[in-house]
Amino acid sequence: AEGFGATIHETGHSLYEQGRDLSEEGRGLPSSSALSMGVHESQSLLWERMVLQSREFWDYATPKFHKRFPFTKEATADDFYATYNRVSPGFIRVEADEVTYPLHVILRYDIERALFRGDMEVDEVPEYWRFRMKSDLGIDVTTDNEGCLQDIHWAFGAIGYFPSYTLGAIIAAQLFDAALADIGTHTLRSQISRGEFG
């Protein structure tokens, strides 16, 4: 499930990039560049959370999954929908549900702030991570792979990026709500159930 969800997420980023106006006429306009990483994440999270996690999407996608992945033939649209909408604390941010995901972001932000303020040393991060996961989510982290080393962001210097995911989720919800109001709830949800994404 995580692999397909990640694919939809990254597709949202790609669609945003494809929609940029890179022509001479578009140069310097907001449509010619990514407005912020929060906006960029909103595009991926709109597809991931508002489309992929909708019941209507699974009306469309379930027969396609059965055809491409015969081992799923016993799974119903409701089964797929439930898989992508479960709520259960977990170790891995990218696999987290919508309820606990913000706590993953807050933990990383708190660590970054403490490191930059000089209130924490790098070698204290794993222990603090374990403490916070236990106190915030009630789970026991036993390895750094499922703890502070699970993300690539810090390794390539993307410090301060994590709040972009929360901002993106908020923006995505607002954009989808505006689309529902503009197009109509029944019309938009019917389009999703038919795979009309254009």
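Colleague: Which pattern does the protein follow, read along the sequence?

Modeller: The pattern is α-α-α-α-α-α-α-α, with 8 helices and 0 strands. Helices (H or I, at least four residues) and strands (E, at least two) are DSSP runs, numbered from the N terminus. This is a predicted model, in which local features need pLDDT of at least 70, side-chain atom pairs count only at pLDDT 80 or more, and totals for chains, interfaces and linings use all residues. Residues are numbered from 1 along each chain as its sequence is written, and side-chain values use heavy atoms, with hydrogens and water left out.

Colleague: At what angle do helix H5 and helix H7 pack?

Modeller: Two packed helices are described by the angle between their axes and the distance between the axes. Axes are lines fitted to C-alpha atoms, for helices over the stretch in contact, and angles run from 0 to 180 degrees between N-to-C directions. For H5 (residues 101–117) and H7 (residues 163–183) the angle is about 145° and the axes are 8 Å apart.

Colleague: Which residues in H5 meet which in H7?

Modeller: Contact means heavy atoms within 4.5 Å. Tyr101, Val105 and Tyr109 in H5 meet Pro163, Tyr165 and Thr166 in H7. By class, the residues of this contact are 5 nonpolar, 1 polar and no charged. Ala, Val, Leu, Ile, Met, Phe, Trp, Tyr, Cys and Pro count as nonpolar, Asp, Glu, Lys and Arg as charged, and the others, Gly among them, as polar.
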